[in-house]
Amino acid sequence: MARIWKFGSDVDTDQIIPGRYAPYMRPDADVGQAAFIEARPDFNQQAQPGDIIVAGENFGCGSSREYAVEALRRRQVGAIIAPSFARIFFRNALNLGIPLYTDANLSGQLQEGQMARLDLDAGTLWVQAESGERLFALPQLPDFARAILAAGGITQYVRQYGRFPGEA
């Protein structure tokens, strides 16, 4: 089971990982150990592989630092659900193999600390609620995105198929 971590709107890449934790600033450090180190220390200390981030609008805004997504990938975040994402963050997350679901209604129905089970293949999220388990259908990802995620990211996809999705 995974835990749901709730975040507000406009979570920028500096909140995900402050610039002073950039790999070029600390080459021997693991950026995954600095995910939300200041903005959300409880996440930094307690998040487990597979946990799910649920946020408000514009998640990942700010600079285009790919290492913000890399920090979440190293923490093995299972998925991120939000009404909207910054475009470059969305692309970086897909390229690094983190599933993102854009859903304006789902964010408001999920609560901090709920336990959940994510089924990427079926596109479902099972959540334990006070009234019992609830099933949520996740938005359907495009075929190319599912292929990239199934491979573990764009680099692994290209290594496996020798091309980008959609190329002949």
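This is a predicted model: local features need pLDDT of at least 70, side-chain atom pairs count only at pLDDT 80 or more; totals for chains, interfaces and linings use all residues.
Contact here means heavy atoms within 4.5 Å.

Arg40 sits in the loop between α1 (13–16) and α2 (41–46). Is Arg40 buried or exposed? Its relative accessibility is 14%, and buried means under 20%, so Arg40 counts as buried. As for its partners, if we leave aside neighbours within four places in sequence, Arg40 is in contact with Trp5, Lys6, Phe7 and Glu112. Lys6 also comes up at the level of polar atoms: a polar atom of the Arg40 side chain lies 2.7 Å from the backbone oxygen of Lys6.

Staying in the loop between α1 and α2, the other residue to look at is Phe36. The phi angle of Phe36 is near 55 degrees, which is a positive value in a residue other than glycine. Phe36 has a relative accessible area of 1%, so it is buried.

There is a second case of positive phi, at Gln76. There phi is near 60 degrees, and again the residue is not glycine. Gln76 belongs to the loop between α3 (66–74) and β3 (79–82). How accessible is Gln76, in relative terms? The value is 48%, so Gln76 counts as partly exposed.

How many cavities of 30 Å³ or more does the model have? The count is one. The volume of the largest cavity is about 40 Å³. Its lining is made up of Phe90, Leu94, Ile98, Leu100, Leu141, Ala145 and Leu149. Two elements, α4 (87–96) and α6 (143–151), each give two or more residues to that lining. By residue class, the lining of the largest cavity has seven nonpolar residues, no polar ones and no charged ones.

Next, the open space. The largest pocket holds about 230 Å³. It is lined by 13 residues, and those closest to the pocket centre are Tyr101, Leu120, Asp121, Leu141 and Arg146. Which element gives the most to this lining? That is α6, with three residues. The lining of the largest pocket divides into nine nonpolar, two polar and two charged residues.

Terms used
Residues are numbered from 1 along each chain as its sequence is written. Side-chain values use heavy atoms; hydrogens and water are left out. On a 1 Å grid over the protein atoms alone, a cavity is a set of points where a 1.4 Å probe fits but cannot get out, and a pocket is an open set with protein on both sides within 12 Å along at least five of seven lines; lining residues have an atom within 4 Å of a point. Grid points are joined across faces, edges and corners, and a volume is the space filled by probe spheres set on the points. Helices (H or I, at least four residues) and strands (E, at least two) are DSSP runs, numbered from the N terminus. Ala, Val, Leu, Ile, Met, Phe, Trp, Tyr, Cys and Pro count as nonpolar, Asp, Glu, Lys and Arg as charged, and the others, Gly among them, as polar. Buried means under 20% relative accessible area, exposed over 50%, partly exposed in between (1.4 Å probe, protein chains only). A polar contact is a pair of N or O atoms within 3.5 Å; within protein, one must be able to donate a hydrogen and the other to accept it, and residues adjacent in sequence count only if both atoms are side-chain atoms.
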